[in-house]
Amino acid sequence: MAERDVVFRVKRYRPESGGKPTYQEYRIPYRDDMVVLDGLNYIKDQVDPTLTYRWSCRMGICGSCGANVNGQPRLTCGTYIRDVHRGAVTIDPLANFPILKDLVVDFDDFLEKLASVTPYIVREESTDLTKEFVQYPEDVEAYRQQSLCINCMLCYAACPVFGASPEFVGPAASALALRYIRDTRDEGSDQRLARLNTKSGVWECTFVGECSVVCPKNVDPAAAIQTLKVLATMRHMRRLLMPGAASR
Amino acid sequence: MERAAFDIVIVGGGAAGLRAAIAAAQSDLDLSIAVVSKVYPMRSHTVSAEGGTAAVLRDYDSLELHALDTIKGSDFLADQDAVEFFVARCPKEILQLDHWGCPWSRDPDGRVSQRAFGGMSVKRTVFAADKVGFHILHTLFQTSMKFENIHRFDEYFVTSLIVDGGVCAGVIAIDLRGGRLVAINGKATILATGGCGRVYEFTTNGFIKTGDGMALAYRAGVPLKDMEMVQFHPTCLPGTGILITEAARGEGGYLINKEGERYMQRYLPTKMELGPRDILSRSMIQEIKAGRAFEGPYGPYLGLDLRHLGAATIDKQLPMVRELAEKYMGLDPIHEPIPVRPGQHYMMGGVSTNSTGETTLPGLYAVGETACVSINGANRLGSNSLSECLVFGEWCGLAAAQYAKQRVAYPRGTATRETLRREEARVFDGLMGRERGKETLAGVRVEMQQLMERDVGIFRDEAGLADACGQLAKLRDRFSSVGLADKDRVFNTEMTGVLELDFMLDVAASIAHSALNRRESRGAHSRTDFPARDDANYLKHTLAYRTDGAPRIDYSPVKITKWQPVARTY
Ligand SMILES: Cc1cc2nc3c(=O)[nH]c(=O)nc-3n(C[C@H](O)[C@H](O)[C@H](O)COP(=O)(O)OP(=O)(O)OC[C@H]3O[C@@H](n4cnc5c(N)ncnc54)[C@H](O)[C@@H]3O)c2cc1C
Ligand code: SF4
Ligand code: FES
């Protein structure tokens, strides 16, 4: 495979040395079968071991390796250099998150948001562990799409609402809320919808839709948020009409 | 925080660590549990498991048969009492995961589906499409959020165990973001740190699988068991090592050579593509040697042909296979065979434990891929590993909870402070102080990986293994002059890379020496100079103990309950 050169313009930020984030350029050889992560690894191993970024699975499933590549949030392990380079490839940390060092950003806030949508099965009474639930293939299909989220945070990096108001629960956490709401084994919709019906909940979303464009797993969080708005409204109406009646 | 104390400290947030954490947390809400992980738990490499997890759920199957398949697959090196314990508890774990919301694939009647897997004589493998590890991990991680007594230490890198008066008293870890060392004390400590695939060059394992827990225990005097038993998976993408799951063959995929022939008929006509992995990987190497492989930019490869399965089956049961082939090979398996070759995949060996996960160091437990109970013996059957993480994860979590409750006092401060000071001197003053010279982190790492690949791979012999042992000792010397360019304390991944290489060099030496000393062929350990299994001399577990020089090799008996070793024929 023919080798050519490409310039990686990588945003550097070193908290201990102070100062503002700056770009550093690296000219590296690449082949057509190299992804952006391979380029970063080449730099780390051969050129500059101080370059700092996260990665692990290199197969698009662990969700560690997100970065803004030429301004677009992407998984660096799933983005071919040949597809994004125009002489140079510009790599920034995922937008909208605090930078810890170089391409490493702080996601803790997301984990709190995830916890806030009750991301587990809720049952009123304990269940008989000796029996499996009956779930038909179409029941699984109903929540399958939202269950595919790898928590890569590309959608948050693409979301202008989250950028402007960081308290917004955001696309992935919303999609995961819907994933459990749609699961026939779950009885926790009410508390999730109550949570999402708050100021920091789904109503913040102005339906920009960028989240679904960048999502590498086709989770379609934008559609999930729209569905949640409908469900939250229905819940609200029901409570007005039938006070005291809990919804499932 | 310089020091924190918990009832139980769990190192690792993969399937094994999280299952243990939930079991302990649920058993007593007053117990405090720390989950310490060098990556956010949902990044753990469990996430990459594709094919499925085994359990007896149907009338056509039996515990007896699952046990027999496992023991035969292990080439009779598994401990049969542990296997019986294991198979009996797998079904409950599937149901437990069902109740926690795991999106298992379902049959039309609403029951959990099961598929065929290599070496399993009936359809026994439960799955969630071909993203089983991903779904199990996220289900466990999200369920763990229910428990207020589980405290996470995300992105804390453990550098050492704390041993106080012959008892394990927790760990020392680098808080990667804070750039400082902290002591996390526990009345009980569980290592659930996964495998060590990255000691090899061509592996299905992620970058984080560097055998840290194995080395941590080994350094504290705990033996590593059966380290020569390294599984090579037959179907990995050339170049990257990305795995194409065995489920592709479970669903009916063929392996073909360049003549288009299903070559397994030459090696294992009764099982064909659904033979155990050790046999399939060796058959591939033989096809390659016979000149019947395809040639590609990354060397010879064979074909995994799914075309006859059709688009509907591929999309429903193997969506990730299609996604990976399209993304990383630029081809659509509906129309073209996928290029594959064998690569390191899994460690049967690991920290020596009993069925409750106890090691020889009181207060220290190990579970999951990092441990060796052993139910896998000389060759693991696909889909037994996730089940192992779940079954023994629960059991180990409960055992550690029991143990912690019996120990009234938290560990004393003296040994902890001393270990903290020692690690500060070793890591931040020592390693970080070293200037960069001729030897580099990447250079030594690649040499180790290539050496292991060449001499401690699928086929082995005395000369190669002896050479590998010598070379590894030299690499250990050269490692001591690897310096660091990054002198910042915060999130120093060059530093963690050096610490991981340090761990891997210990682990690699234990593998090579254990392999050198087992002069027979059994399961995945295939010696060209000793091609036969030798029960008279080697029906026993290898135990490697760390010394200042070469590891000391010892042995322990294999537990046989009712299946006497017979020739492993299929
Ligand atoms: C590609 C692939 C496919 C597979 N498919 C299957 C399958 O279909 N069926 C099956 O049964 N098995 C499969 N396996 C095997 C199985 O996935 C693994 O054996 C299992 O997931 C291991 O889980 P674990 O919890 O032991 O470790 P891991 O999931 O690897 O977790 C290790 C944890 O330890 C932490 N850790 C490690 N070192 C440190 C340290 N120094 N400090 C702090 N934390 C640390 C990590 O952060 C991580 O959280 C597959 C494996 C691979 C690689
Ligand atoms: S919804 Fe998509 S983009 Fe957002 S975190 Fe999940 S997988 Fe990533
Ligand atoms: S490295 Fe795991 S998603 Fe990219």
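Reader: How many residues of domain 1 of chain B are in contact with domain 3 of chain B?
Author: 49 residues of domain 1 of chain B touch 42 residues of domain 3 of chain B. Keep in mind that this is a predicted model.

Reader: How much area do domain 1 and domain 3 of chain B bury between them?
Author: About 3800 Å². Of that, 63% is on carbon and sulfur atoms.

Reader: Which three residues supply more of the area on the domain 1 side than any other three?
Author: B:Val199, B:Tyr200 and B:Glu228. They supply 19% of the area that domain 1 of chain B buries against domain 3 of chain B.

Reader: Where are the domains in chain B?
Author: The domain assignment puts domain 1 at 3-229 + 348-412, domain 2 at 246-342 and domain 3 at 415-532. The centres of domain 1 and domain 3 of chain B, over C-alpha atoms, are 24 Å apart.

Reader: Helices now. At what angle do H13 and H14 of chain B cross?
Author: Roughly 170°. H13 covers residues 441-455 of chain B, H14 covers residues 462-479 of chain B, and their axes come within 10 Å.

Reader: Parallel or antiparallel?
Author: Roughly antiparallel, because the angle is over 145 degrees.

Reader: What classes of residue are in that contact?
Author: Eight nonpolar, two polar and five charged residues. From H13(B), B:Glu447 and B:Arg454 are among them; from H14(B), B:Asp467 and B:Arg478 are among them.

Reader: New topic. What surrounds ligand 2?
Author: Residues of chain A, including A:Cys149, A:Cys152, A:Cys155 and A:Cys215. A:Pro216 and A:Pro221 are also in the shell.

Note on methods
Residues numbered from 1 in each chain as written. Chains lettered and ligands numbered in written order. Predicted model: local features only at pLDDT ≥ 70, side-chain atom pairs only at ≥ 80, totals over all residues. Heavy atoms only, no water. Near = heavy atom within 4 Å. Axes fitted to C-alpha atoms, helices over the stretch in contact; angles between N-to-C directions. Helix = DSSP H or I, 4+ residues; strand = E, 2+ residues; numbered from the N terminus. Parallel < 35°, antiparallel > 145°, perpendicular 65-115°, else oblique. Contact = heavy atoms within 4.5 Å. Nonpolar A, V, L, I, M, F, W, Y, C, P; charged D, E, K, R; others polar. Domains from an automatic or database assignment. Buried area = accessible area lost by both parts, 1.4 Å probe.
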